Amino acid sequence: MDWLDALQHLRTAGLPAVLATVSGVRGHAPREAGAKMVVGAEATWGSIGGGNLEATVVDQARDMMARGITAPCTTEFALNEHAPTDHGRQCCGGKVTVLLEPFLSLPTVAIFGVGHVGYELGRILSRMPMTLYLVDSRGEQLDAARLADVTSGLADVRPVHTPVPDSFLGDLPPGAHVFIMSHDHAEDFLLCHAALRRGDLGRVGLIGSRAKWLRFRQKLAAEGFAEAEIDRIQCPIGLPEVRGKAPAVIAVSAAADLLAALPSAGLHTSPARSSAGTSPSPSASEHL
């Protein structure tokens with residue numbers, strides 16, 4: 001697998017990577033300018049010259065991934081017997097500059113229930129680079145012709161027809177963001193239950209009114225979940241200042257709220273709001 005295939009492989013798998021490129025060479029060096037290597041958390045692809053140079057770049061790249069650094073940076077190496085090293089000496093005699101470019105893992109979003117709102121939300125999110133699961137227990141909702149406008153976007157859209165959506169939720173990668181908006185409140189509750197059992201998901205949003213959420217909170221508490229755990233679910237979804245009952249309005253509100261929290265959207269992460277809500281007026285999704 002070459003570096004380009006490796007980069008695509010990692011992004012598709014939802015894993016971060018750093019692309020290391022030899023951007024400048026003075027004197028003798030093991031590789032020429034333009035040599036590339038992809039560094040993942042567990043493996044590397046390609047080479048920028050081996051030895052201390054390459055091993056140190058791998059260390060720096062993995063430190064960047066661990067710290068969530070998103071800005072590119074450059075680092076310079078002197079290849080002589082006097083240069084300090086961590087992984088042995090390289091005495092080629094030249095100097096090498098390496099550009100390190102982080103690539104964030106693509107976010108994973110799963111929409112459970114592809115009805116009117118789920119379809120509109122999927123259509124909006126599919127225009128963003130992400131892995132997007134559309135999950136429904138009703139096969140007709142995932143008809144290829146119906147989803148044509150959703151699957152034509154930038155996202156890697158993966159329709160999933162399953163009679164037990166809550167079981168599929170358990171297979172999502174850690175950090176996945178979840179929208180629960182099925183046609184059946186009983187199915188919604190099972191999905192909420194499964195989401196709380198995970199404990200390692202990103203944002204979890206439930207469509208519905210405050211009355212629906214109050215009933216769900218009581219039932220989840222009766223199932224043994226602590227208040228702090230239940231508070232991880234946002235209901236109603238979306239921005240409280242956006243009002244309206246139309247599916248597209250709810251979808252725009254929910255998408256904007258999510259995108260503001262995604263590093264790949266270029267915005268600062270914002271904390272999840274309390275499930276109790278603080279807005280004096282109802283948000284768009286509260287009427288459902």
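**Exercise 1. The cavity lining**

Task: Find which strands and which helix each supply at least two residues of the lining of the largest cavity.

Solution. Strand E9 (177-180), strand E10 (204-206) and helix H9 (247-259) each supply at least two. Remember that this is a predicted model. Next, list the lining: His177, Val178, Phe179, Arg203, Val204, Gly205, Gln234, Ile237, Gly238, Ala254, Asp257 and Leu258. Then sort by class: six are nonpolar, four polar and two charged. Last, take the volume, which is about 70 Å³. The whole structure holds one cavity of 30 Å³ or more.

**Exercise 2. The span of H6**

Solution. Now look at the ends. At the start, a side-chain oxygen of Asp184 comes within 2.9 Å of the backbone nitrogen of Ala186. After the helix comes Gly199, with a positive phi near 75°.

**Exercise 3. His193**

Solution. Start with the place: His193 sits in helix H6 (residues 185-198). Ten of the 14 residues of H6 are buried, among them Phe189, Leu191, Cys192 and Leu196. Now the partners. The His193 side chain makes a polar contact of 2.7 Å with the side chain of Arg197. Beyond four places in sequence, His193 touches Leu220, Glu223 and Phe225.

Methods: Residues numbered from 1 in each chain as written. Predicted model: local features only at pLDDT ≥ 70, side-chain atom pairs only at ≥ 80, totals over all residues. Heavy atoms only, no water. Helix = DSSP H or I, 4+ residues; strand = E, 2+ residues; numbered from the N terminus. Polar contact = N/O pair within 3.5 Å; in protein donor to acceptor, adjacent residues only side chain to side chain. Contact = heavy atoms within 4.5 Å. Buried < 20%, exposed > 50% of the residue type's maximum accessible area, 1.4 Å probe, protein only. 1 Å grid on protein atoms, 1.4 Å probe; cavity = no way out; pocket = protein on both sides within 12 Å on 5 of 7 lines; lining within 4 Å. Points joined across faces, edges and corners; volume = space filled by probe spheres on them. Nonpolar A, V, L, I, M, F, W, Y, C, P; charged D, E, K, R; others polar.
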